[in-house]
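Let's take a friendly walk through a protein model together. Keep the picture open as you read, and look up each residue as it comes along.

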Amino acid sequence: MTSTNIQTITEKPPKPPWRIRLTSWKRWVYGDAYSQPLEKLPKGFYKHVAFAFTLWLVIAFHPWVTTFINREPPPFAQLKVVEGTIHTTYKKNPHVIFRHVNG
């Protein structure tokens with residue numbers, strides 16, 4: 001090959017008019033009418049795919065996991081009804097301190 005052949009091979013063809021560029025499927029896929037697919041994947045591609053897949057799994061299976069964890073409510077005999085007013089609340093245990101009606 002001569003140097004002129006190498007130059008013509010590496011040069012990009014002239015861009016077509018806007019009408020053709022906007023209606024070309026390659027523009028919407030690759031960003032331009034004459035663009036080619038990437039030879040190498042972008043940096044961090046597999047990290048993004050793994051993160052998206054993990055997030056999808058969390059969102060998809062969250063209802064089943066929470067239902068499994070909370071599948072059995074406590075027996076009705078253990079539940080208590082307390083009448084009174086809330087005296088104080090805390091972030092740590094005990095979270096709520098009640099003041100009963102009878103003291």
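What follows goes from the overall layout to the rings, the surface and the strands.

## Before we start

This is a predicted model, in which local features need pLDDT of at least 70 and side-chain atom pairs count only at pLDDT 80 or more, while totals for chains, interfaces and linings use all residues. Residues are numbered from 1 along each chain as its sequence is written, and side-chain values use heavy atoms, leaving out hydrogens and water.

## The overall layout

The protein chain contains 4 helices and 2 strands. Both kinds of element are DSSP runs numbered from the N terminus: helices are H or I with at least four residues, and strands are E with at least two. Along the sequence, their pattern reads α-α-α-α-β-β.

Of the chain's 103 residues, 5% count as buried. Here, buried means under 20% relative accessible area, exposed means over 50%, and partly exposed lies in between (1.4 Å probe, protein chains only).

## Rings that pair up

Searching the whole structure gives 3 aromatic pairs. Rings of Phe, Tyr and Trp (its six-membered ring) pair if their centres lie within 6.5 Å; planes under 30 degrees apart are stacked, over 60 edge-to-face, and the rest tilted. One of the pairs is edge-to-face: Phe 45 and Tyr 46, at 5.4 Å centre to centre with 75° between the planes. Phe 45 is partly exposed because its relative accessibility is 34%, whereas Tyr 46 is exposed at 61%.

Phe 53 and Trp 56 form a stacked pair, with 6.4 Å between centres and 20° between planes. Why are Phe 53 and Trp 56 separated by about one helical turn? They are 3 residues apart in helix H4 (residues 45–69), so about one turn separates them.

Phe 53, Trp 56, Phe 61, Trp 64, Val 65, Phe 68 and Ile 69 make a nonpolar surface patch of about 870 Å². Trp 56 counts as exposed because its relative accessibility is 53%. Val 65, which lies in helix H4, is partly exposed at 46%.

## Two strands in a hairpin

Strand S1 (residues 84–89) and strand S2 (residues 96–100) run antiparallel and are joined by 5 bridges. Strands pair if DSSP finds at least two bridges between them. S1 and S2 form a hairpin with 6 residues between them. Thr 89 stands opposite Val 96 in S2, and Thr 85 opposite Arg 99.

How values were computed
Patches are made of residues with over 30% relative accessible area and no salt bridge: like charges are joined within 9 Å, nonpolar side chains (Val, Leu, Ile, Met, Phe, Trp, Tyr) within 5 Å. Accessible areas come from the Shrake-Rupley method with a 1.4 Å probe; for residues, only the protein chains shown count as cover. A salt bridge is a side-chain nitrogen of Lys or Arg within 4 Å of a carboxyl oxygen of Asp or Glu.
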